[in-house]
Amino acid sequence: MQKITRDQIVSKAVSLLQDGTVSAVLGWRQGEFCYDVTPSVFNTAEDIEANFVWNDFCGANFSKYLVSKTKNIDGKLLVFLKPCDTYSFNQLLTEHRFNRESVYVVGIPCEGMVDISKVKAVSGEGIVCAESKGAGLSVTTIYDENPKEIPYAEVLSERCLNCKSKKHVAYDELLGDEGEVIDSARFDEVEKLESMTSEERFAFWQGELSRCIRCNACRDVCPACTCEKCVFDNPNSGAESKAPTNSFEEQMFHVIRAFHVAGRCTDCGECSRVCPQNIPLHLLNRKFIKDINSFYGDYQAGAEVGMRAPLVDYDLGDLEACDVFERRDSE
Amino acid sequence: MRRISLYSLDSLFGEISKSMTLYIPASDNAGGAVYTKYEDGVEYLNTLNTVKSPKNFFFPHTEDLMEFKLQGKNIDILDIRQESEDFAVFGVRGCDVKSFDILDRVFLSDPVDSYYATRREHGVIISLACTKPSETCFCTTFGIDPTEPMGDISAWMTESHLYLQPVTEKGKALMSKIEHITEACDDSEVLAQKDKTKNILSKLPLKDLSTDAFGSGKTKELFDSPQWAELSQSCLGCGTCTFVCPTCQCYDIKDFNTGSGVIRYRCWDSCMFSEFTKMAHGNPRLTQTERFRQRFMHKLVYYPENNDGLFSCVGCGRCLSKCPISMNIVKVMKSLGGDKNE
Amino acid sequence: MQRIGVFVCWCGTNIAGTVDVAAVSEALKSEPGVVFSTNYQYMCSQAGQDIIKDAVKEHNLTGIVVCSCSPRMHEATFRKTAAAAGLNPYMVEIANIREQCSWVHKDMLTGTEKAIILGKAAVAKVNLNTPLTPGESPVTKRALVIGGGIAGIQTALDIADAGFPVDIVEKNPTIGGKMAQLDKTFPTLDCAACILTPKMVDVAQHENIRIFSYSEVEEIGGFVGNFDVKIKKKARFVKEDICTGCGACVEKCPMKKIPNEFNLGMDNRRAVYIPFAQAVPKVATIDPSACNMLKSGKCGICSKVCTAGAIDYKQKDELIEEKYGAIVVATGFNPISMDKFDEFAYNQSRDVITSLEFERLTNAAGPTQGKLLRPSDLEHPHTIVFVQCVGSRCDACAEKGKEYCSKICCMYTAKHAMLVRDKYPDTEVYVFYIDVRTPGKNFDEFYRRAVEEYGVRYIKGMVGKITPEGDKLKVQASDLLADKQLHIDADLVVLAAAIEPDKTARPLATMLTASMDTNDFFTEAHPKLRPVESPTAGVFLSGTCQGPKDIPETVSQASAAAAKVIGLLVKDKLTGNPCIASPNELMCNGCSSCERVCPYGAITYIDKEFPQPDRTVAVRRVAQVNPAVCQGCGACTVACMSGAMDLRGFMSSQIIAEVDAICK
Amino acid sequence: MQVNEYRPLIVAFCCNWCSYAGADLAGNNRLNYPADVKIIRVPCSCRVNPMFILRAFQRGADGVIICGCHPGDCHYTSGNYYTRRRMALLFSMLDYLGIERERTRLEWVSAAEGAKFAATMNDFAETVAALGENKRLEDLRCKK
């Protein structure tokens, strides 16, 4: 269902590589199955033509890789960014995490990415093929040779169903058409939680956070988490912890993780995508985003380079801490 | 061999849980399965694999080892070890059953890990044969027959019955406790199911994965392979693969200062973490490439080197489906020459 | 491990009355690190301090905990005691068991229990204390004053009189500022020029003052005591040191139709000009946008008539680099633009003018030689309407004007009205006001004279619309007290335009890393207690750049700023507060979060090479804290996600240790 | 004093310039407040890291209060403005996780407000005591 084809992307990558604009290409490499795609640096046209993949499973946000992959690069690195990825890109630039000159950004439109676990919930295990066909995926398994057609609406990942923007906020050139910022329903779930009683919310989060295995995937994939040394890895920080020993450690990790990215999180949704335990981590980040919007005015991290994040800013007339609940309840 | 109708599954679980705590796969309310203590209302979920492997039963994610009590400037050391109580785990797949052999070689060889040993002694494994393997399954690569899952009691689930066959003394003892609700039977249905499953196994996309390029004596050749850099280039350094892995057995021992004392505990650690095996000078493996290599060299070369050729991967496929960037042992093996077709 | 001594003070019965001091010193004996613990009647007394000094020597103490009154009371005392005993003074912590324990709890058991816990927290903190040494930096004994209005002039004169060299940077060809444009000054009605020009001459002749007129600040680096400033001296195409200010060139210049800024464009000047007769420096300036010679190479008359040979068409902008110990901002104000106030017909009629234009119209050196004539037809106006609060005290939501009160308008309008009535008694004068605000010495008396003695007609109410019709200005207004609409046919309307900070202030604030409020007024270090200092150390505020002010207030603040500067420059070196932020470069991401929250601009970044795990070297951006500028608030420590930024004396580990000890 | 009476444990972070001085003034004026309140001095309320607050709860605190200068009065001009944002968001998040919102508080107390300091602490201690022991954000290891 992607509007732009693999061929378009590949020929763009090959031509930029061959005309010397870039010296390497960050893209998606085909894996074992139709859906397991690995971010990878391509150095030759042959490699790109043979192994570059672009399909409904190219969800990974490349922005964070730019921090490490541009460190000792000669020339420029070509990166393909989907609209949501460009917000992370700008946020990282705002925080001086890499050199803009080392990157050549090609913005590509995105029609939403598929969550393979949602596919499996319908098709069952044993997927051998999952191709885009019309308004859905055509899935074949080893148990059923007849392809099953599943509408995209059923298998798109949560973040894509609640896509906030199809507009690229950073690029050197754009493939395909530019989209627009979308008025999404991404805060509905947050509101639902807010309307619960304190006890219900506590029970909800205990249930979710108790699944945490502290693999740190949410942190390690997060484009806002690029600390040279994370407080949770630093024995001198007073917050070091390695295991979800008890509910306190789980709460501590997730509150501090979310607080540290508050005002910087672009809501790219990578944390929830990679969580092996399907903890809805975006609901923590979105809570901060929603509160920031409501307390201090709408703010979209990464919308522009150089913006002052809400937590390193203030206004004389800011809401008092004691009034936050009144404000929320009145909304 | 004995069997029980699937309609009576609850009475079987109820009977077992009369004599010991029973854990069965149940929904984790997030699309996955988790071993859950059986009690009224807990529903068995017929799933291929739980998200977390059952190694947690013997080698828990975190575990207190000992305590220090501080009184003024005095320190008392408290031994908090306890004998484990009997428990049973139902529905362990063949791959996960095999993982216990791999863990045993680590924790039960000298010096014996008494924390692990007491749990192992008191745990009864009721395995379950696979009938619907996933595309990510490759246990056969490591010589595991998912239709013959072993454990203390082997089990097969057909459309109508659960078939049970004790394998060990512990298994026999448990069988005797449930004899009155099961019936004796022959294995014809089970054999038919095995044939059917084997047919499916022959169609799995990873069936040709081979271990020939790995094992004892390959250290030098594989350690220096130029492939590692490319394979590891997008590795995030998270611990997902190690924490869902049934055979990863690394842990860290840490002290928690409670204010009035210290609890010394251990918790799973991951060789993928930059802080892993940190010593005075830091982690001996400085880059993610080295750490990445360590994990796979350990599974495919070092462990077999020290354990009579036994690989420390069971092909359960968890890491294939959970890795955030879809890099995994299969891709590593193929890249380093482990595909029969290449 | 520290060797800590605990000293519990009885404070007579102040503490001992509700706290069992012996029990406290006994209990703290068994805390980790404590090797000595005692109690005494008055720890702050000489005898008490001697106990501490002796214990330090006898027990080789490395840290001291005093359980006593508030650290705000005696922390300094005990730090000195520690220093006298050879310990670093920052190895002392106070457990406040008087104000926050014995005085607020009545029960001995409760008080003792809490005192022990507070003592434990202090011990836990000292266990992590490290010796701290305040940083020192030298002071360049020269001040820079930016802006040459009355504020800058007064500040410069005061500093120079104290013996320190001062440079004034003024963007215009002459110093003098707005005051030079004024006619009379309230409430004494002495003429502005008469009191200002002698001061300008003083500046010109002062051996300690250099004037960089027609110059702008280009770049500011460094910090308190050590600013590096680049000043751009714009080419005026006249050699300043040779020009005698005779004016021959001005007289002969053929370009006669250049709007005269000094008279707010109400008359013209030449392409070569001296802004006004008493200008300092009194030298000509060629306006390159108007001069034919500079534009097309045709003319050169001024060069021919200049007998001194001062004209230099090839002059280039000059960059001056100088070091300063202190910088005073005196950038002043401007009336706001009237473009958004169409209802007052400012842009439609030449007879609607601002108050500053009115000053020029009544000034003897102004376009009408001081005769009050309307600009359109040079007729004498018989009805004059003054409108107050034009653009001041506006609704925050309105897209024009300012929320604040411009402060000076009430008084100068009273002055204008009074002067008109005095000189031209046949003129009707109306003043429309919202409120008349006259706090100040002799201010209200002055206003009342305007009303009572001079018959100025003050009407409470706002003017709604002014419509030019023929040679009249139809003024539509409301009289709130009489509750009726008024229609006045005026000959001249004077708008009391709000004042706003000069446009150069914002970029300057950025260069100085000094903070500003939303109106672009400079923020003071403390609104009450440090009103002439900027939060950025070494930067001082003089005059209206900090907020609306009249002349007496401006001059007081100018002298106050000078006093602060002198206080800084007399020091040979600055000793900092050692409890400042310090970044761990290995953990710093260079993300700028800390820099953004620092109110003092104490944080800068450098690119530094770091060895990488893969044995290569990578360049990373890392934060640097300037110890002379950091005041130690700690805002940066929380803004820093990685925890790379910590605060000496209040390290995270220390605070956590206190939390732990309290919650044990 | 009753032996088994539940007493809450309250950690109060006070800025050195206003609130700590306000607490001193409460002492000077002999204004009572519960001994359950233990004060930690910080240079400015903006020095208080959310991690310190969670740490206090972990170690057994039942309530945490942060006191700083009134907006506009910060000794460091803007520190309390940052505190206000940080705490507003943190408190809202803790509430979202189901932690009782009454356990955290941010108050502005000037050096002249000894009475306000004592009243605030009395009120906060009473509120927290009414909630009872902190169970939702506790670490049982620290309560052994």
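Predicted model: local features only at pLDDT ≥ 70, side-chain atom pairs only at ≥ 80, totals over all residues.
Residues are numbered from 1 along each chain as its sequence is written, while chains are lettered from A and ligands numbered from 1 in the order in which they are written.

**Domains of chain A**

- Chain A splits into domain 1 (6-114 + 164-174), domain 2 (116-152) and domain 3 (188-330), with bounds from an automatic or database domain assignment.
- The centres of domain 1 and domain 3 of chain A, taken over C-alpha atoms, are 27 Å apart.
- Their contact takes 17 residues from domain 1 of chain A and 16 residues from domain 3 of chain A; two residues are in contact if their C-beta atoms, placed from the backbone, lie within 7 Å.
- On the domain 1 side, helix H4 (residues 83-94) of chain A gives the most, with 9 residues; helices are DSSP runs of H or I, at least four residues, numbered from the N terminus.

- Helix H13 (residues 282-296) of chain A packs against helix H3 (residues 79-96) of chain D at about 135°, with axes 10 Å apart; axes are lines fitted to C-alpha atoms over the stretch in contact, and angles run from 0 to 180 degrees between N-to-C directions.
- H13(A) brings A:Lys287, A:Phe288, A:Asp291 and A:Phe295 to the contact, and H3(D) brings D:Ala88, D:Leu89, D:Ser92, D:Met93 and D:Tyr96.

Technical notes: Helix = DSSP H or I, 4+ residues; strand = E, 2+ residues; numbered from the N terminus.
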